[in-house]
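Reader: Please pick one part of this model and take me through it closely. Give the cut-offs behind each term as you go.

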Amino acid sequence: MDYNLYHYQERDLNNIFDKLKDAEPNYRLLYQLPTGGGKTRVFSAIADRFLKTYHKKVIVLTHRLELCTQTSLTLKKLGINNKVINSTVKKIARNTGQNCYVAMVETLKNRIRDGLIRTEDIGLVIIDEAHHNSFQKLLSKFQHARVIGVTATPLSSDINLPMRKFYNELITGESISDLISQGYLAKPTNWRYDVELNTLKTGIHGDFTVSTSDELYSSPAMLDLLLHAYEAHSKNKKTLIFNNGIFTSRNVCKLFEDAGYPARHLDNQTPLAERLAILKWFKQTKGAILSSVSILTTGFDEPTVQTVILNRATTSLTLYHQMIGRGSRRLPQKKTFSIIDLGNNTDRFGEWHAPVAWDEVFHHPEAFYEVFSARATQEAHSMPSDSRAKFPNSLEIAFDVQQAYDDAIANGQKAKTVMRDSIKQHVHMCVENATSVTEAMELTEELQKEIVWRVKQYTKCLGKVTKNYRDWLIEDYNNKLKVLVQKIMQRRQVQKMAV
């Protein structure tokens, strides 16, 4: 069958079957290909070739009902007779001529339990969006089947369940940068805004919580920044906005409607009929703005998207790639697209199209988790709101100790310059929010918890240090802070009297 595969897809298909040829019956292979690279087309070709080569049944697993339907339609278009196993399927006839099934995890688990699916008849299990951990519990049911997981980002969302634990080997496909240079994906232009995220907190799953994200991104300052960024870099372009909370997304939609722009809101609670109507509107409306939450990161393909706005921060590398990938589809009249980052995500993960050592991610995921966790911890650290209110004239109150340390070492400076620069910032905060020496000195007391936190971060950078040394650093920090604050405030008073 002619699948009209691109050269890199054909190469990967042949590579995968070379691996399968000599593999054990329960061999598990993970295949990585960027969003927009045509994963569905490739695994459909894999299913067809496997059926014809090994004459055993194939089952494709997805994690969402919409993906089940889309996958089934793609398989049928390519001539592969298949059946969707959903909640309405109570019986599967033996001689239907259908050797390929498409199913969701929970539904398939129930049908196996009910005896409708004979797992020993399945020769190949294909897992779409394989980085989702929900699939792993089913793999033990297919003792004699080969397994091919497909994902754009071979990094598990759970540090305790690394993908190397479930797969024998990783095959990496064409990189994003190569797909761009060869004309398969649109070229991005990235607009980054430095957003202070120290009010964000991380939840039990490691990503920033919806509640703290809603509070930050629904604030007047962030809504103003969003509108400014849109009008500066995406005005009248078809724009997709990703948010972390429904409250924020609705506020964003209202923001643009009030400003006279065509905008709609969509989330995972939107009824299906309404969702389809909104997506149709988005497709047909020039310059449409769609504000969304938890719904369009997978299974959504609208090539006419010209701008993706990340109106949120995330610690998930997978989510970062999925969100931006929604704008990367290339059309004859669309060779570029814009990324507007309002969550410091580019600083956290690097440019979307920058090379990623996926083999290292697969074999040593702990190192990547450690880096992201450290950055998230720094960003999630916040000054208590009552203390923050004492510094209304200070726009910048955050200080990235880890980054300052890395920069100092890279520039050949001594490590102690980190504490020096931190003290300078705190001095500036105290003097710009006080009118007298007494007020400024009182403000230094508001910084005590922050000082202790910064010193602890600094000593972590240094390595193992004694408690006595850490206590001395805190004392020295305070002495220098108070001396400088007092000196500057006294100088200001002398200058006023001279005038």
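Author: Cys461 counts as buried because its relative accessibility is 15%, where buried means under 20% relative accessible area, exposed over 50% and partly exposed in between (1.4 Å probe, protein chains only). The model is predicted, so local features need pLDDT of at least 70 and side-chain atom pairs count only at pLDDT 80 or more, while totals for chains, interfaces and linings use all residues. Residues are numbered from 1 along each chain as its sequence is written, and side-chain values use heavy atoms, leaving out hydrogens and water.

Cys253 is likewise buried, at 8% relative accessibility. A search of the whole structure finds 0 disulfides, a disulfide being a pair of cysteine sulfur atoms within 2.5 Å.

Now the helix pair. Helix H17 spans residues 417-431 and helix H20 residues 467-498; helices are DSSP runs of H or I with at least four residues, numbered from the N terminus. Their axes are 9 Å apart and lie at about 40°, with axes fitted to C-alpha atoms over the stretch in contact and angles running from 0 to 180 degrees between N-to-C directions. H17 and H20 are therefore oblique to each other, as the angle is neither under 35 degrees (roughly parallel), nor over 145 (roughly antiparallel), nor 65 to 115 (roughly perpendicular).

On the H17 side, the residues that meet H20 include Met419, Ile423 and Val427; on the H20 side, Leu481, Leu484 and Ile488 are among them. Contact means heavy atoms within 4.5 Å.

Technical notes. Helix = DSSP H or I, 4+ residues; strand = E, 2+ residues; numbered from the N terminus.
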